[in-house]
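User: I want to learn how to read a few structural features. Please take me through them one by one.

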Amino acid sequence: INARAETVAEKPAFRAAFKSRRCIVPVSGFYEWKKVQRDAPRETKAVGLFGELESAPAKRARAARASKPVKQPYYIVPTLGKMLALAGLWESWQGEDAHATPLETFTILTTTPNTMMAALHDRMPVVLDRVGVSLWLDADADTGELQSLLRPVAEGTLDCWAVGIAVNTPRNNDADLITPKS
């Protein structure tokens, strides 16, 4: 679950981590999905399983599916081909069993989008530059200074392209997931 940058300092779930458990999440890129309208359905005479013409309810259901927007995945990368440093928070959770291994978790902070990202989604990860990384990891940093980092990345810092829907299936894990959609 992502944490909203605007409320991270006040929300009980993130307040303590914001003060003392900040981390960097290095990524080469990330995905975002944009709702797009499907192509208009072709007018065909659909035939059912046993050869009969499609029933009126089945035809309406097909038309309803065709009119629903689909989510087109996009891959977002740094324009200069470097890694991105995303602002994150981490926690260590201990269950009731004191002998169990603690669960280590992290979250990525999100903020309002820059212009490029706004075309895809209403949020984006907080991307830190080299100076921002140093301040974010400084244990003695002032919370006001930290808050100043929680903004959209500068225009021109990111690039994106549409990719195939194979990224929607977790078992898929290969280089084709970031190949531009043809």
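Analyst: Start with elements. Helices (H or I, at least four residues) and strands (E, at least two) are DSSP runs, numbered from the N terminus. Gln72, for example, has its place in strand β4 (residues 70-78). This is a predicted model: local features need pLDDT of at least 70, side-chain atom pairs count only at pLDDT 80 or more, and totals for chains, interfaces and linings use all residues. Residues are numbered from 1 along each chain as its sequence is written, and side-chain values use heavy atoms, leaving out hydrogens and water.

User: Why does Gln72 count as buried?

Analyst: Buried means under 20% relative accessible area, exposed over 50%, partly exposed in between (1.4 Å probe, protein chains only). Gln72 counts as buried because its relative accessibility is 9%.

User: What does the side chain of Gln72 reach?

Analyst: Think polar contact: a pair of N or O atoms within 3.5 Å. Within protein, one must be able to donate a hydrogen and the other to accept it, and residues adjacent in sequence count only if both atoms are side-chain atoms. Here the Gln72 side chain reaches the backbone oxygen of Val163 at 2.7 Å. A contact in general means heavy atoms within 4.5 Å. Not counting residues up to four places away in sequence, Gln72 touches Glu32, Trp33, Lys34, Val36, Ala162, Val163 and Lys181.

User: Now a helix. Which residues of α4 are buried?

Analyst: An α-helix has 3.6 residues a turn, so residues three or four places apart point the same way. In α4 (residues 130-137), the buried ones are Gly132, Leu135 and Trp136. They sit on the same side of α4 because they cover an arc of only 100 degrees, taken from the directions from the helix axis to the C-beta atoms. Exposed Arg130 and Ser134 are on the face turned away from that buried side. At the start of α4, a side-chain oxygen of Asp129 comes within 3.3 Å of the backbone nitrogen of Val131.

User: Which residues touch the most other members of the largest nonpolar core?

Analyst: A nonpolar core is a set of buried Ala, Val, Leu, Ile, Met, Phe, Trp, Tyr and Cys residues joined through side-chain atoms within 4.5 Å. The largest has 16 residues, and Leu109, Trp136 and Leu150 touch the most other members. Two or more residues each come from α1, β5, α4 and α5. Another core, of 15 residues, lies apart from it and includes Phe30, Leu86, Val127 and Val153.
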